[in-house]
Amino acid sequence: MTHARFAAVLAPAILAVLATLGAPAAHAHRTWLLPSATVLTGKDALVSVDAAVSEDLFEFDTNALQLDGLSVTAPDGSVLPAENRSTARRRSSFDLKLTQPGTYRIANVSETVAASYKVGGETRRWRGNPDAYAAFLKELPAGAQELRATRMQNRVETFVTYDKPEGRAFVPAGVGLELMPQTPPTDLSVGDTSSFVLLLDGKPVADTDVTILRGGNRYRYKMGEIALKTDAQGRFSVKWPEAGRYWIGASHGRRPGDMVGEDPASAAAQQPVRRAGYSATVEVLPQ
Amino acid sequence: MTMHLRYSVALGAALAAPAFAADLTLKIELPRLTVAEYHRPYVALWLEKSADQGFAGNLAVWYDLKKRDNGGAKWLKDMRQWWRKSGREVQMPLDGVSGATRAPGEHALSLGSAQALAALPPGDYQIVVESARENGGREVVRLPLQWPVRAAQTVRAQGEHELGALALEVKP
């Protein structure tokens, strides 16, 4: 029961990844957390966050993002509980009460394995928790061939600041892709330059594509994506051209289409290839 | 009360040993707006160095002081430029700087005895005026100020929507 539910709720995220890989940019699915505000002050500071996988950026037009891996880090490094969690068909939501001054790191982390294989010319698919992969292999029918399996590590984030941008919420988890802001990731204005370091398993990752897209593409003809690459130190910088909410995305690893189908009994089949994905939402306000 | 206040301001200025003195009057017009729901604007006035727009001191901050438990502080961040330059670093209310919001119309502020000017090094500055209104817009207007003041003059500027006419009258 638990297992089935886990597999089902992860489906949108997997579809999102597959869509991103194969489809033209205009129809890409993107995963995001969208906070009601990124800069707060005064008493009773509360931020509400929506979470979804969508075609148009920051429109809840496709599927809710399941928040099983939600983790909110407060400025002092402690874990802040989310309140009023709910999941509807097209979006999930939760509230956060901000009490400590500083920047909060809001993340949803997921890890799953997606596999396909052929039995007598027919393609079958499986997806589930990485812990269940070994059992899945054992239960494969005799004659199964061309196994392609991907272990997907995804991290979706956004950041909000209460009073001053400070604190120590940014400690690498050391798994998959992560973003370490080198300048405060909140309280951004048009014309500001932000710098980040992209990490893979806790280490800077060089020469990796980063895509930045402003929300509201539903209302314009050109996507206007900003395409960047991390440098030798894993760094990239962006000068914010317009006010709006921006999505920062990166991925690393082999695409499922690149894989050679393996014999399920082979050693290679025991270790799915790894693909890591990352996305973050930041807000840029008028000067 | 008034006497006492004047005395303490004069004493404070004397202790800070102002390098330069001048008469500065800033006239600010808050436009009367015909909107369904009008709230008086939050307004911040501060000094910036012309060369790099570096913050050089607060002159005035008008915000809602009447809300219980300093509740009006919640919207101070809406004066975005001020918030980034100074607001998030200081505790409200700010002695000698913060005050209540003001009604539409013209307001004349005498800034000659402002603390921010008391120890201001000579140079080219701007007085920045930022207005932000609940359910309304935001506007920033800058007026140049050469410090110390060498000649009497008036600098004018005109806001477009949230601020009206502004005039800075200076006399040595």
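This is a predicted model: local features need pLDDT of at least 70, side-chain atom pairs count only at pLDDT 80 or more; totals for chains, interfaces and linings use all residues.
Residues are numbered from 1 along each chain as its sequence is written, with chains lettered from A and ligands numbered from 1 in the order in which they are written.

Chain B contains three helices and nine strands, taken as DSSP runs numbered from the N terminus, with at least four residues of type H or I for a helix and at least two of type E for a strand. Read from the N terminus, these elements follow the order α-β-β-β-α-β-β-α-β-β-β-β. Among the contacts in chain B with a separation of 6 or more, residues 24 or more positions apart account for 65%, a contact being a pair of residues whose C-beta atoms, placed from the backbone, lie within 7 Å.

Five strands of chain B form an open sheet with mixed pairing, in the order S4-S3-S2-S6-S7, where pairing requires that DSSP finds at least two bridges between two strands. Strand S4 (98–100) and strand S7 (138–147) of chain B are the edge strands, each pairing on one side only, and the twist from one strand to the next averages 15°, the axes being lines fitted to C-alpha atoms (for helices over the stretch in contact) and the angles running from 0 to 180 degrees between N-to-C directions. Within this sheet, S6(B) is mostly covered, since seven of its ten residues are buried. Strand S6 (residues 123–132) of chain B is joined to S7(B) by ten bridges in the antiparallel sense, with Val129(B) opposite Val141(B) and Gln126(B) opposite Pro144(B). The hairpin of S6(B) and S7(B) has five residues between the strands, and in it Asn135(B) takes a positive phi near 60°. Eight bridges pair S6(B) with strand S2 (residues 42–49) of chain B, also antiparallel, and here Glu48(B) stands opposite Gln126(B).

A further open sheet, of four strands with antiparallel pairing, has the order S5-S1-S9-S8 in chain B. Strand S5 (105–110) and strand S8 (153–158) of chain B each have a single partner strand, so one side of each is left without a neighbour in the sheet. Strand S1 (residues 23–30) of chain B is joined to S5(B) by six antiparallel bridges, and Glu29(B) stands opposite Glu106(B).

Pro172(B) lies in the segment after strand S9 (165–171) of chain B, and it counts as exposed because it has 11 C-beta neighbours inside 10 Å. Not counting residues up to four places away in sequence, Pro172(B) touches Ala22(B), Val149(B), Arg150(B), Ala151(B) and Ala152(B).

How values were computed. A residue is buried if 20 or more other C-beta atoms lie within 10 Å of its own, exposed if 12 or fewer, and partly exposed in between; C-beta atoms are placed from the backbone. Two residues are in contact if their C-beta atoms, placed from the backbone, lie within 7 Å.
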